Amino acid sequence: SRYRLKAEACYTTDGTLSIRVNGREVATTRGNPLLSLNSRCNLLTHTEDFSNAAWTKSNGVTITANSAVAPDGATTADTLTANTTSGPSVSQIIAASAAQYTFTVYLKRDNVDAVTVEMIRAGVGYFKVLVNLTNGTTTQQDNSAGVTAAHSAVSVGSGWYRVTMSLTYTDARNLTCLVWPTNSAAQSATDRVFIWAIVTGK
């Protein structure tokens with residue numbers, strides 16, 4: 001006789017990954033904030049190495065690779081330094097379709113209390129969020145894209161925050177995921193922030 005196994009992977013509304021066999025859960029990321037990334041797959045590349053050419057460094061920003069201890073305990077987090085007040089940032093572009101996209105990044109305060117995280121819809125506009133890295137609050141800074149977006153920051157320990165932004169695309173156009181090492185509304189050339197592991201998925 002034959003016995004058929006049905007294996008599936010699914011995500012719950014809180015971003016937990018559940019692996020099930022014949023409807024029974026056999027593995028999960030529940031309770032592990034580093035794995036519960038609220039994304040089905042990562043559409044970005046080199047997401048723990050911001051010195052890689054896959055990341056565009058704009059307007060003077062510099063990367064110091066492997067300069068801080070990451071949330072997982074390894075020394076793989078990078079330092080972003082502004083160097084200018086002309087919009088310094090790191091970014092990567094993906095080709096997006098009509099779907100909901102979630103952008104997750106781990107950030108930790110170095111010498112600046114608040115930094116800007118941004119999603120840009122090509123040809124439409126941008127959605128900016130100011131993240132306070134001392135208390136974990138997030139505040140909408142700008143919404144020229146005219147979208148409805150959710151945003152939050154959750155502490156994962158040792159001063160690190162998991163910052164999440166979600167927005168819904170209604171058509172196919174490029175999406176840019178961008179992090180400033182400064183507050184875009186009050187920039188300083190000396191501002192620095194620790195960064196680790198960006199995930200963007202749908």
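First, the ground rules. Residues are numbered from 1 along each chain as its sequence is written, and side-chain values use heavy atoms, with hydrogens and water left out. Because the model is predicted, local features need pLDDT of at least 70, side-chain atom pairs count only at pLDDT 80 or more, and totals for chains, interfaces and linings use all residues.

Start with the sheet. Six strands form an open sheet. The order is E5-E6-E15-E8-E13-E12, and the pairing is antiparallel. Strands here are DSSP runs of E, at least two residues long, numbered from the N terminus. Two strands pair if DSSP finds at least two bridges between them.

Which strands stand at the edges? Strand E5, residues 62–68, and strand E12, residues 149–157. Each has a single partner strand, so one side of each is left without a neighbour in the sheet. Neighbouring strands are turned by 30° against each other on average, direction ignored. For that angle, axes are lines fitted to C-alpha atoms, and angles run from 0 to 180 degrees between N-to-C directions.

Now walk across from E5. Four bridges join E5 to strand E6, residues 77–81. In that pair, alanine 68 stands opposite alanine 77. Next, E6 and E15 pair over four bridges, again antiparallel. Threonine 79 has phenylalanine 194 in E15 as its bridge partner. Then comes strand E8, residues 100–109, joined to E15 by eight bridges. Here phenylalanine 103 has threonine 200 in E15 as its bridge partner.

How many residues of E15 are buried? Nine of the 10, across residues 192–201, so strand E15 is largely enclosed by the rest of the structure. Buried means under 20% relative accessible area, exposed over 50%, partly exposed in between, with a 1.4 Å probe and protein chains only.

Threonine 164 is buried, at 10% relative accessibility. What does threonine 164 touch? Leaving out residues up to four places away in sequence, the list is Thr102, Phe103, Thr104, Ala150, His151 and Ser152. Contact means heavy atoms within 4.5 Å.

On to charges. Side chains of opposite charge can pair when their charged atoms come close. The rule used: a side-chain nitrogen of Lys or Arg within 4 Å of a carboxyl oxygen of Asp or Glu. The count comes to four salt bridges.

Arginine 109 is partly exposed, at 35% relative accessibility. Aspartate 113 is partly exposed too, at 39%.

Next, aspartate 171 and arginine 121. Aspartate 171 lies in the loop between strand E13 (160–168) and strand E14 (173–179), and arginine 121 in strand E9 (residues 114–121), so the pair ties together parts that are 50 residues apart in sequence.

Arginine 173 is partly exposed, at 25% relative accessibility. Put together, Arg121, Asp171 and Arg173 are linked in a network of salt bridges.
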